[in-house]
Amino acid sequence: MVSFLKEAEELFEEYKDYAPSHREICEIIENKEFLTKEDLAKLLNVSSKEDIMLMAKKAQKLTRENFGKVILLYAPLYIANYCQNGCVYCGFSSRKNYKREKLSFEEIENELRKMKEEGIDSVIILTGEDRINSSFEYIEKACSIATNYMSEVSIEVYPLFEEEYRKLSNIGVVGITVYQETYQREDYDKLHPFGPKKDFEFRLNAPERALKAGFHEACIGPLLGLSEPKKDVLCAILHAEYLLDKFPKAEISISFPRFRSAGTEFIPPYTVSDKEFIKFLIIARLYLPRVGIVVSTRERPSLRDALIDVCITKMSAGSKTTVGGYAEEKDEDAEAQFEVEDRRSVSEVVDVIIKKGLRPEFTNWVKGVKSV
Amino acid sequence: MFEIGGKKLKSRLFVGTGKLPDYSLIEKMYYEAGIEVFAVAVRRIGPNTKHTKNVLEYIPKGATIMVNTSGAQDHKEAVKIAMIGRELTDSDWVKVEIEKDTKYLFPDSFETLKACEILVKEGFKVFPYIYPDLNLAKELEQIGVEAVMPLGSPIGTNKGIGCEVLLKPIINEIKIPVIIDAGIGRPSHAAQAMEMGADAVLINTAIATSADPLKMAIAFAKAVEAGRLAFEVGLLKEYEYAQASSPLEDFISG
């Protein structure tokens, strides 16, 4: 499983100082149907605006050919924020002293109803990592309720065992999102001083277990800023490729959330500029033309809107990142896991997509394929 | 006019709706490009929400809906999706699309065959999306599918008829209609498919992702018509060397 990490490490070391010429970049993107791993490692070092724009043009073409003029929309539903982990950068960390909450099943229904009223029809259920306060059974029941309201239900919860994923798959959950935070073991270890999340490999293998158990979709990625960004991006892209090779029928998505302040003292060792961020997404598209690309509300509206034209296939809209934030007005700044930059309503996001000549869509899977 | 799946159709151009920027284009295509068959992916038939409407609301009454099982990973899922699709659309036309992988979207022949066997027995009008494989096409014909839909080249690639040598035997040997599906990127590719003797073509990406899907649909409709007319007349043979209008022998013998 971790062979792709070693490969990424070697590639990164070999090409980290390699600056491809304009001619070489043109050669790679114009003449090759599929990029090699070496091409991928080289393109990560491209820095001129002109070359990035050239790459963007090809990325746009590939996106439209493979995904058409459709942008999938979803919204997160935070059902609990209890957490046993001590992640030094996270707003949900158990080190942080704030009100812990967990929605009752009735409250979950209220949230879903409110989301549905706002026009949301695809949801990701989120919890912190705490098997006592947010037990598997609690998550299972919450998902079961959600499948009654939404066309598509996914999860972004702590890594589960294969059997647990199978149970969720059987009740109609189709997707898993699990961010590795960083693919660099040493940094990972320092950033996660205690708690179940400390187990690097159990987290890394989570998407694989879920897909094995019958999930249709997996979204993966690093949290940019926690470790060397180019290296993390390279690892994530090879991770996506690994999953595609192993589960050719699954839909794999990739996302590169950038670190955002979450009321902690933590200052990330790396910052990723807009230019670099955009380049990373474009390269992911060039190397993996059929992989979904997700951009969250951590990014500001103008940037998200610009990326819709190029490589995004899925985005969140109308997100509330507080527990119970849909049915009840809450102070998003004080209680959220991270700062949300795009606070537009679902209607506003939908309008932008339509104005760009694209079709917003909440349904990616026929409801209940597993249960009919 | 040609007959397929128990219906008489004027247009031999079928259109997929999955990649369209706006479902309201469907009605325009029906009236302005004369397209009568629309393939609809069941996976995307969502309930009406505040922001998105159900694709079915946009399909004119006279049009035929071809339910598409795309997203199915095996024959069991394809059968379930077809059943759901029939319930939702009231159409028994089903395009069996079971993909082997999400990288190339190549059809899974084994699972497709199994799904078709079940669906024919269940009374569906079955249209399997397949590799250009004559043996598979023959088996499907025997099972009782309405038509076979071999790919021209991989889905969404716009590469055109990339495997003429494999498609031609299917067109020659199979008695049920052959619809070339996937990979057709230009109206000229569609015309080529029709000139080869295909009964119809199904296009999605090339129309849906063009700058003007309606205009492009009209262009494809015209190309399909032109290709079919040429096929019916019979194409002239290709010659390796120029043929003099007055054969050389006349001069030599004269």
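This is a predicted model: local features need pLDDT of at least 70, side-chain atom pairs count only at pLDDT 80 or more; totals for chains, interfaces and linings use all residues.

Student: Why is the pair A:Glu33 and B:Lys159 called a salt bridge?

Tutor: The rule wants a side-chain nitrogen of Lys or Arg within 4 Å of a carboxyl oxygen of Asp or Glu. For A:Glu33 and B:Lys159 the N to O distance is 3.5 Å, so the pair qualifies. Across the interface of chain A and chain B, the rule finds two salt bridges.

Student: What makes up the contact between chain A and chain B?

Tutor: Chain A puts in 40 residues and chain B 38 residues, where contact means heavy atoms within 4.5 Å. The area buried between the two chains is about 3300 Å², with 53% from carbon and sulfur atoms; buried area is the accessible area (1.4 Å probe) that two parts lose on being put together, summed over both.

Student: How do you know that A:Glu208 is buried or exposed?

Tutor: Buried means under 20% relative accessible area, exposed over 50%, and partly exposed in between (1.4 Å probe, protein chains only). A:Glu208 has 11%, so it is buried. A:Lys246 has 45%, so it counts as partly exposed.

Student: What makes A:Glu208 and A:Lys246 a link between parts of the chain?

Tutor: They form a salt bridge, with the closest N and O atoms 2.8 Å apart. A:Glu208 lies in helix 10 (residues 206-212) of chain A and A:Lys246 in helix 11 (residues 229-246) of chain A, so the pair ties together parts that are 38 residues apart in sequence. Helices here are DSSP runs (H or I, at least four residues), numbered from the N terminus.

Student: And why is A:Arg185 called partly exposed?

Tutor: A:Arg185 has 41% relative accessibility, so it is partly exposed. Its salt bridge with A:Glu201 has an N to O distance of 2.9 Å. A:Glu201 is also partly exposed, at 34%.

Student: Which residues are linked in a network of salt bridges?

Tutor: A:Glu129, A:Glu181, A:Lys197 and A:Arg203 are. Over all chains, the search finds 36 salt bridges.

Technical notes. Residues are numbered from 1 along each chain as its sequence is written. Chains are lettered from A and ligands numbered from 1 in the order in which they are written. Side-chain values use heavy atoms; hydrogens and water are left out. Helices (H or I, at least four residues) and strands (E, at least two) are DSSP runs, numbered from the N terminus.
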